[in-house]
Amino acid sequence: MSHWKLKMAGRKLAAPTAVGAMAIGALGASAPAVHAQQAGAANTAPEREITNVTGELYRFRQIRHIGMFLVTPDGIIVVDPTNSALAGWLKDQLDERFGLPVRYVIYSHAHNDHASGGEVFADTATFIGHENMRKNLQRPPEDAPLLPREQLWDVNGDGLIQQDEIDIGMYSNNFARRDSDGNGGLNRAEIWAARFAGNQVPPDITYTNRATVRLGGKTVELHYTGRNHSDDMTVVLFPDERTIYTVDFLTPNRPPRTQLDGGYLPEWVESLRRVEALDFDIISPGHESPGTKAHVTEQREYLEELVAAVEAGIAAGRSKEELIEAILMEDYDHLIEYDYSRAGNVAGAYEILISSQ
Ligand SMILES: [Zn+2]
């Protein structure tokens with residue numbers, strides 16, 4: 001074993017089905033559908049569904065994206081409207097089931113696949129998100145310089161990313177669509193658009209470190225735990241329900257997706273440590289199934305070990321390709337999408353760490 005490859009204590013956590021069985025009462029879904037979703041076979045689950053977490057706290061899902069809502073006597077608090085189709089469906093469901101208006105929409109972060117669709121609630125709701133959402137929703141000028149990591153990709157140094165300079169699916173799939181000006185390369189604004197362009201309603205209220213929303217005798221806390229998958233990420237804590245909602249930077253039983261595009265290392269690890277310090281029992285994620293605090297610890301250990309191994313490899317002068325071969329994270333091969341994301345995680349960590357040196 002090479003010195004940069006850490007020996008890891010193999011500690012596999014039980015699948016989060018215990019939480020699911022204990023706390024997740026299906027409102028519209030059958031148990032087999034929930035299990036199919038856990039296995040990643042979402043095509044056998046209903047396209048959209050609402051499930052109860054505990055008390056008046058619910059998850060709503062479309063395919064693999066999940067938001068939440070909390071019902072109070074004075075109205076409903078929605079977290080992550082996701083997209084217009086799901087938000088429109090949700091509005092009808094809320095009207096039918098509860099007959100109450102949506103008073104607040106809280107955002108986990110600005111990315112277009114979680115924060116879009118809020119316009120259907122705009123007539124009754126106040127929108128809240130982290131202060132960095134405001135700048136993230138501004139399209140950069142077409143001549144904005146590439147970010148440090150993007151400059152690594154720009155092998156020919158022309159300030160644009162050509163198709164053969166990138167192997168991150170978000171950009172390389174549908175490259176022609178991403179290349180909106182059709183000049184054969186992606187500039188900073190076109191790269192930005194892949195994640196941020198959408199129909200997000202900008203937040204009416206932003207916060208810096210922590211915010212509290214009170215409605216109808218219920219309390220919801222917004223916690224900023226630092227930069228991770230993005231620089232505008234909110235952890236939503238429902239204290240009475242002892243539940244947190246986390247998106248993309250923390251998914252129970254699943255590593256971060258592929259090349260950690262747009263992410264921040266090593267701060268991501270510290271961000272997970274701050275989540276571990278919060279007071280909760282259930283973690284209800286924006287993807288996949290609920291889990292427990294033990295899954296937060298597992299995720300932090302995974303990322304901590306990944307970062308340590310990649311940092312050691314960089315210090316030893318190893319290439320990205322060598323590290324992809326060597327850093328196998330085998331003690332985590334039980335995680336969902338391990339085969340899909342492991343090599344990308346190593347490559348992404350390498351690029352983030354080397355471009356921020
Ligand atoms: Zn995201």
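How many bridges pair strand β13 with strand β14, and in which sense? I started my notebook with that one: β13 (residues 234-238) and β14 (residues 243-246) pair in the antiparallel sense over three bridges. Leu237 stands opposite Ile244 in β14.

**Ground rules**

I am working from a predicted model, where local features need pLDDT of at least 70, side-chain atom pairs count only at pLDDT 80 or more, and totals for chains, interfaces and linings use all residues. Residue numbers start from 1 along each chain as its sequence is written. For my elements I take DSSP runs numbered from the N terminus: helices are H or I of at least four residues, strands are E of at least two. I call two strands paired if DSSP finds at least two bridges between them.

**Entry: the whole chain**

I noted 13 helices and 16 strands in the chain. Of its 357 residues, 43% are buried. Buried here asks for 20 or more other C-beta atoms within 10 Å of the residue's own, exposed for 12 or fewer, and partly exposed covers what lies in between, with C-beta atoms placed from the backbone. I then looked at contacts, meaning pairs whose C-beta atoms, placed from the backbone, lie within 7 Å. Among contacts between residues at least 6 apart in sequence, 69% join residues at least 24 apart.

Arg214 has Thr219 in β12 as its bridge partner. The two strands make a hairpin with two residues between them, and Gly216 in that turn has a positive phi of about 55 degrees.

**Entry: β3 and its two partners**

Next I picked β3 (residues 57-62).

On one side, β2 (residues 48-54) runs antiparallel to β3 and is joined to it by six bridges. Thr51 stands opposite Arg59 there. Two residues separate the strands of this hairpin, and Gly55 takes a positive phi near 55 degrees.

β4 (residues 65-72) also pairs with β3 in the antiparallel sense, over six bridges. Here Gln62 stands opposite His65. This hairpin has two residues between its strands, with Ile63 at a positive phi near 50 degrees.

For helix axes I use lines fitted to C-alpha atoms over the stretch in contact, with angles from 0 to 180 degrees between N-to-C directions.

The axes of α10 (residues 267-276) and α11 (residues 293-315) come within 9 Å and cross at roughly 160 degrees. These two helices are therefore roughly antiparallel to each other. My angle classes are under 35 degrees for roughly parallel, over 145 for roughly antiparallel, 65 to 115 for roughly perpendicular, and oblique for the rest. The crossing of α10 and α11 is left-handed, which asks that the near helix be turned anticlockwise from the far one by less than a right angle, whereas clockwise gives right-handed.

I listed the residues that meet: Trp268, Val269, Leu272, Arg273, Val275 and Glu276 in α10, with Lys293, Val296, Thr297, Gln299, Arg300, Leu303, Glu304 and Val307 in α11. They divide into seven nonpolar, two polar and five charged. In this count Ala, Val, Leu, Ile, Met, Phe, Trp, Tyr, Cys and Pro are nonpolar, Asp, Glu, Lys and Arg are charged, and the others, Gly among them, are polar.

Then I turned to α13 (residues 338-355), whose axis comes within 9 Å of that of α11 and crosses at roughly 60 degrees. α11 and α13 are therefore oblique to each other, and their crossing is right-handed. From α11 the contact takes Leu306, Val307, Val310, Glu311 and Ile314, and from α13 Asn345, Val346, Ala349, Tyr350, Leu353 and Ile354. I sorted these into nine nonpolar, one polar and one charged.

**Entry: Asn83**

Leaving aside neighbours within four places in sequence, I found Asn83 in contact with Ser116 and Gly117. Asn83 and Gly198 are 115 residues apart in sequence, yet 8.9 Å apart in space, C-alpha to C-alpha.

How values were computed. Two residues are in contact if their C-beta atoms, placed from the backbone, lie within 7 Å.
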